[in-house]
Amino acid sequence: GGGKGEGKGRGAKAARHSLLSESDGDGGVGPKPEKPALKRLAAQYSDRPAREVNQQQLRSVDFLVVGSMGKRSSWKLPIRELGNKYNVELLAKARKVVRADADGSKKASFPIPDGTAAKVEHLWREAKQWHRWCRTQAPLSHAARPASKAKAAAAPPAKRVKASMSAPARSESESSSDAPIGGGGASGKAGLRQSKGGGAAAGGGGGGE
(Lines give C-alpha, C1' and ligand atoms only; values in the text may rest on other atoms or scores of the structure.)
Protein backbone atom coordinates (compact mmCIF):
# COMPACT_ATOMS: atom_id res chain seq x y z
CA GLY A 1 0.00 0.00 0.00
CA GLY A 2 2.79 2.40 0.95
CA GLY A 3 4.66 1.62 -2.28
CA LYS A 4 1.65 2.53 -4.40
CA GLY A 5 1.13 5.75 -2.50
CA GLU A 6 4.75 6.70 -2.98
CA GLY A 7 4.54 5.85 -6.67
CA LYS A 8 1.50 8.09 -7.09
CA GLY A 9 3.27 10.86 -5.22
CA ARG A 10 6.31 10.64 -7.48
CA GLY A 11 4.09 10.58 -10.55
CA ALA A 12 2.17 13.65 -9.43
CA LYS A 13 5.39 15.47 -8.65
CA ALA A 14 6.80 14.59 -12.08
CA ALA A 15 3.63 15.87 -13.74
CA ARG A 16 3.86 19.17 -11.85
CA HIS A 17 7.54 19.46 -12.72
CA SER A 18 6.71 19.41 -16.45
CA LEU A 19 7.00 23.16 -17.06
CA LEU A 20 5.11 23.15 -20.34
CA SER A 21 2.37 20.61 -19.67
CA GLU A 22 -0.64 21.30 -21.88
CA SER A 23 -3.12 20.25 -19.17
CA ASP A 24 -2.63 23.06 -16.66
CA GLY A 25 -6.03 24.61 -17.29
CA ASP A 26 -4.98 27.54 -19.46
CA GLY A 27 -6.47 26.36 -22.74
CA GLY A 28 -3.53 24.48 -24.27
CA VAL A 29 -1.44 25.79 -27.13
CA GLY A 30 -4.10 26.38 -29.76
CA PRO A 31 -3.66 25.86 -33.51
CA LYS A 32 -0.25 25.62 -35.14
CA PRO A 33 1.11 29.12 -35.93
CA GLU A 34 2.13 30.16 -39.44
CA LYS A 35 5.75 29.73 -40.55
CA PRO A 36 6.83 33.35 -39.83
CA ALA A 37 5.48 33.03 -36.29
CA LEU A 38 7.23 29.68 -35.83
CA LYS A 39 10.55 31.17 -36.92
CA ARG A 40 10.11 34.00 -34.43
CA LEU A 41 9.29 31.58 -31.61
CA ALA A 42 12.30 29.41 -32.45
CA ALA A 43 14.56 32.45 -32.10
CA GLN A 44 12.97 33.84 -28.93
CA TYR A 45 12.73 30.93 -26.50
CA SER A 46 15.29 28.68 -24.82
CA ASP A 47 15.24 25.69 -22.46
CA ARG A 48 18.71 26.33 -21.05
CA PRO A 49 18.85 25.41 -17.34
CA ALA A 50 18.20 28.50 -15.21
CA ARG A 51 21.29 27.80 -13.10
CA GLU A 52 23.45 28.48 -16.16
CA VAL A 53 22.07 32.02 -16.58
CA ASN A 54 24.34 34.67 -15.05
CA GLN A 55 21.76 37.09 -13.68
CA GLN A 56 24.42 39.66 -12.82
CA GLN A 57 24.94 40.23 -16.55
CA LEU A 58 21.26 40.71 -17.36
CA ARG A 59 19.79 44.08 -18.29
CA SER A 60 16.65 45.69 -16.94
CA VAL A 61 14.64 44.54 -19.98
CA ASP A 62 15.44 40.93 -19.05
CA PHE A 63 13.34 41.22 -15.87
CA LEU A 64 9.57 41.06 -15.60
CA VAL A 65 9.38 43.71 -12.88
CA VAL A 66 11.61 46.80 -12.83
CA GLY A 67 10.96 49.11 -9.89
CA SER A 68 13.59 51.71 -10.75
CA MET A 69 15.88 51.75 -13.78
CA GLY A 70 18.82 53.07 -11.75
CA LYS A 71 18.37 50.65 -8.85
CA ARG A 72 19.30 47.11 -9.80
CA SER A 73 18.02 45.65 -6.54
CA SER A 74 14.50 46.61 -7.65
CA TRP A 75 14.73 44.45 -10.77
CA LYS A 76 12.71 41.33 -9.99
CA LEU A 77 11.73 38.10 -11.71
CA PRO A 78 14.26 37.52 -14.50
CA ILE A 79 12.65 35.93 -17.55
CA ARG A 80 15.34 36.21 -20.22
CA GLU A 81 18.93 35.05 -20.65
CA LEU A 82 21.86 36.56 -22.51
CA GLY A 83 21.08 36.64 -26.19
CA ASN A 84 17.55 38.10 -25.76
CA LYS A 85 15.89 34.71 -25.44
CA TYR A 86 13.11 34.02 -22.97
CA ASN A 87 14.24 31.27 -20.65
CA VAL A 88 11.43 28.79 -20.06
CA GLU A 89 12.53 27.80 -16.56
CA LEU A 90 12.92 31.41 -15.42
CA LEU A 91 9.58 32.27 -17.01
CA ALA A 92 7.89 29.43 -15.12
CA LYS A 93 9.28 30.69 -11.81
CA ALA A 94 8.18 34.26 -12.52
CA ARG A 95 4.72 33.09 -13.57
CA LYS A 96 4.33 31.15 -10.33
CA VAL A 97 5.12 34.25 -8.25
CA VAL A 98 2.79 36.50 -10.27
CA ARG A 99 -0.12 34.05 -10.14
CA ALA A 100 0.27 33.51 -6.39
CA ASP A 101 0.30 37.26 -5.86
CA ALA A 102 -2.76 37.73 -8.07
CA ASP A 103 -4.92 35.11 -6.34
CA GLY A 104 -3.71 36.17 -2.89
CA SER A 105 -2.28 32.77 -1.95
CA LYS A 106 1.18 34.31 -1.45
CA LYS A 107 1.78 38.00 -1.79
CA ALA A 108 5.09 39.04 -3.32
CA SER A 109 7.58 41.03 -1.24
CA PHE A 110 7.67 43.73 -3.93
CA PRO A 111 4.92 45.52 -5.87
CA ILE A 112 3.85 43.89 -9.11
CA PRO A 113 2.49 46.44 -11.63
CA ASP A 114 -0.90 46.05 -13.28
CA GLY A 115 -0.76 44.14 -16.53
CA THR A 116 2.13 41.94 -15.43
CA ALA A 117 -0.10 38.88 -15.06
CA ALA A 118 -1.49 39.31 -18.58
CA LYS A 119 2.03 39.75 -19.98
CA VAL A 120 3.42 36.65 -18.31
CA GLU A 121 0.45 34.55 -19.44
CA HIS A 122 0.97 35.71 -23.03
CA LEU A 123 4.65 34.73 -22.85
CA TRP A 124 3.78 31.41 -21.28
CA ARG A 125 1.36 30.60 -24.08
CA GLU A 126 4.06 31.40 -26.64
CA ALA A 127 6.53 29.22 -24.73
CA LYS A 128 4.10 26.31 -24.95
CA GLN A 129 3.72 26.86 -28.68
CA TRP A 130 7.50 26.92 -29.01
CA HIS A 131 7.74 23.68 -27.03
CA ARG A 132 5.03 21.99 -29.11
CA TRP A 133 5.91 23.13 -32.61
CA CYS A 134 9.62 24.08 -32.52
CA ARG A 135 11.55 22.31 -29.80
CA THR A 136 10.00 18.83 -30.02
CA GLN A 137 10.45 18.62 -33.78
CA ALA A 138 14.10 19.79 -33.87
CA PRO A 139 15.64 16.40 -32.95
CA LEU A 140 13.88 14.76 -35.93
CA SER A 141 15.64 16.97 -38.45
CA HIS A 142 18.98 16.56 -36.66
CA ALA A 143 18.62 12.77 -36.55
CA ALA A 144 18.42 12.52 -40.32
CA ARG A 145 21.69 14.35 -40.90
CA PRO A 146 24.21 11.83 -39.46
CA ALA A 147 22.79 9.03 -41.64
CA SER A 148 23.26 11.02 -44.83
CA LYS A 149 26.76 12.05 -43.75
CA ALA A 150 27.68 8.44 -42.99
CA LYS A 151 26.40 7.39 -46.39
CA ALA A 152 28.41 10.09 -48.13
CA ALA A 153 31.52 9.23 -46.14
CA ALA A 154 31.22 5.56 -47.03
CA ALA A 155 31.03 6.24 -50.78
CA PRO A 156 34.68 7.24 -51.52
CA PRO A 157 36.30 4.07 -50.08
CA ALA A 158 33.98 1.95 -52.23
CA LYS A 159 35.07 3.87 -55.33
CA ARG A 160 38.73 3.48 -54.43
CA VAL A 161 38.34 -0.28 -54.01
CA LYS A 162 36.60 -0.52 -57.37
CA ALA A 163 39.34 1.50 -59.06
CA SER A 164 42.10 -0.66 -57.59
CA MET A 165 40.33 -3.83 -58.72
CA SER A 166 39.95 -2.54 -62.27
CA ALA A 167 43.61 -1.40 -62.57
CA PRO A 168 45.52 -3.65 -65.11
CA ALA A 169 48.23 -5.91 -63.78
CA ARG A 170 51.76 -4.80 -64.63
CA SER A 171 53.87 -7.03 -66.91
CA GLU A 172 57.26 -8.35 -65.95
CA SER A 173 58.95 -6.10 -68.51
CA GLU A 174 57.29 -3.00 -66.93
CA SER A 175 58.39 -4.15 -63.50
CA SER A 176 61.96 -4.67 -64.60
CA SER A 177 62.09 -1.21 -66.15
CA ASP A 178 61.52 0.25 -62.69
CA ALA A 179 64.65 -1.47 -61.27
CA PRO A 180 67.30 1.01 -60.07
CA ILE A 181 70.13 1.76 -62.50
CA GLY A 182 73.23 -0.37 -61.86
CA GLY A 183 71.16 -3.02 -60.13
CA GLY A 184 72.26 -6.55 -59.22
CA GLY A 185 73.53 -9.09 -61.76
CA ALA A 186 76.80 -9.67 -63.64
CA SER A 187 75.83 -7.50 -66.59
CA GLY A 188 75.08 -4.59 -64.25
CA LYS A 189 78.46 -4.89 -62.55
CA ALA A 190 80.28 -5.14 -65.89
CA GLY A 191 78.57 -2.02 -67.13
CA LEU A 192 79.59 -0.20 -63.99
CA ARG A 193 83.26 -1.26 -64.42
CA GLN A 194 83.26 -0.16 -68.05
CA SER A 195 81.90 3.27 -67.14
CA LYS A 196 84.60 3.67 -64.50
CA GLY A 197 87.28 2.59 -66.94
CA GLY A 198 86.06 5.09 -69.51
CA GLY A 199 86.22 7.83 -66.92
CA ALA A 200 89.77 6.93 -65.98
CA ALA A 201 90.84 6.92 -69.64
CA ALA A 202 89.35 10.28 -70.15
CA GLY A 203 91.17 11.57 -67.11
CA GLY A 204 94.48 10.15 -68.42
CA GLY A 205 93.98 11.87 -71.72
CA GLY A 206 93.49 15.14 -69.96
CA GLY A 207 96.76 14.69 -68.09
CA GLY A 208 98.66 14.02 -71.31
CA GLU A 209 97.47 17.29 -72.79
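I began with strands β2 and β3, which run antiparallel and are joined by 4 bridges. Strands here are DSSP runs of E with at least two residues, numbered from the N terminus, and two strands pair if DSSP finds at least two bridges between them. I looked up V65 and found that its bridge partner in β3 is K76. β2 and β3 form a hairpin, with 2 residues between them.

A note on my source: this is a predicted model, where local features need pLDDT of at least 70 and side-chain atom pairs count only at pLDDT 80 or more, while totals for chains, interfaces and linings use all residues. Residues are numbered from 1 along each chain as its sequence is written, and side-chain values use heavy atoms, with hydrogens and water left out.

Next, rings. I searched the whole structure and got 3 aromatic pairs. One of them is F63 with W75, a tilted pair at 5.8 Å centre to centre and 55° between the planes. For the terms: rings of Phe, Tyr and Trp (its six-membered ring) pair if their centres lie within 6.5 Å, and planes under 30 degrees apart are stacked, over 60 edge-to-face, the rest tilted. F63 is in strand β2 (residues 63-68) and W75 in strand β3 (residues 71-78), 12 residues apart. Are these two buried or exposed? F63 is buried at 8% relative accessibility, and W75 is buried at 14%. Buried means under 20% relative accessible area, exposed over 50%, partly exposed in between (1.4 Å probe, protein chains only).

Then I turned to salt bridges (a side-chain nitrogen of Lys or Arg within 4 Å of a carboxyl oxygen of Asp or Glu). The whole structure holds 9 of them. What does R80 meet in a salt bridge? The partner is D62, at 3.2 Å from N to O. This pair links distant parts of the chain, with R80 in strand β4 and D62 in the loop between β1 and β2, 18 residues apart. R80 is buried, with a relative accessible area of 14%, and D62 is buried at 1%.

I also followed R48, which forms a salt bridge with E52 at 3.5 Å and another with E81 at 3.4 Å. R48 lies in the loop between β1 (45-46) and β2 and E81 in strand β4, so this pair ties together parts 33 residues apart in sequence. R48 is partly exposed at 40%, whereas E81 is buried at 5%.
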